[in-house]
Amino acid sequence: MRTEAAKRVELVFSLFDANGNGVIDSGDFDLMTGRVLEAAAASDDGAKAAIRAAFRRYWTTLATELDANGDGVITVDEFRPFVLDPERFGPTITEFAEALAALGDPDGDGLIERPLFVSLMTAIGFEEANIHALFDAFGPDAEDRITVGTWAAGIEDYYAPDLAGIPGDRLVAARSV
């Protein structure tokens, strides 16, 4: 795994630990889902249902694949070695990427405006300066928008263990787990 990917793993763990208790559990995903849905007030019911399902599947996949001792929580040690495994997590990441990106396009024009992107990413827990750096790295158009496809692909790239120098690397700040 590349150093950049390892840093992304550490950040993802800290974000998934939404209640800050040092482990990931189903309650963390409930918290994050609620925050994201609140930020996506203008999205339709179908998009909201899709992100709920994607978060639920994400937790189920993590619990099934990573909860080594079956205690219902995932520690950072259980999380680190496995989460960036495309064979185990690829379909889950794809579903999540598509659902989150679609949530950012409530008017269905295929474009995501910066303010909603920032709101959704802040709801997940990313730092605002890093969110803006990511949006800029995606190459917004003259009206400060990116495509749904660009964001979805960027999310999938973020979880790729062999990629470095990707837009998503801009989300990694000096945080520790």
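Modeller: Helices (H or I, at least four residues) and strands (E, at least two) are DSSP runs, numbered from the N terminus. Read along the sequence, the chain runs α-α-α-α-α-β-α-α-β-α, a total of eight helices and two strands. This is a predicted model, where local features need pLDDT of at least 70 and side-chain atom pairs pLDDT 80 or more, while totals for chains, interfaces and linings use all residues. Residues are numbered from 1 along each chain, and side-chain values use heavy atoms, without hydrogens and water.

Biologist: How do you know that the radius of gyration agrees with a compact globule?

Modeller: The radius is taken over C-alpha atoms, and the globule rule is 2.2 Å times the number of residues to the power 0.38. For 177 residues a compact globule would have a value near 16 Å; the protein chain has 15 Å, so the two agree.

Biologist: What makes a set of residues a nonpolar core?

Modeller: Its members are buried Ala, Val, Leu, Ile, Met, Phe, Trp, Tyr and Cys residues joined through side-chain atoms within 4.5 Å, where buried means under 20% relative accessible area with a 1.4 Å probe, protein chains only. In the protein chain, 45% of the 177 residues count as buried. The largest core has 52 residues, and Phe117 and Trp151 are among those with the most contacts inside it. Helix 1 (3–16) and helix 8 (148–158) are among the helices that each supply at least two residues of this core.

Biologist: Which residues does Trp151 touch?

Modeller: With contact meaning heavy atoms within 4.5 Å, and residues up to four places away in sequence not counted, Trp151 touches residues including Leu100, Phe117, Met121 and Phe138.

Terms used: Buried means under 20% relative accessible area, exposed over 50%, partly exposed in between (1.4 Å probe, protein chains only).
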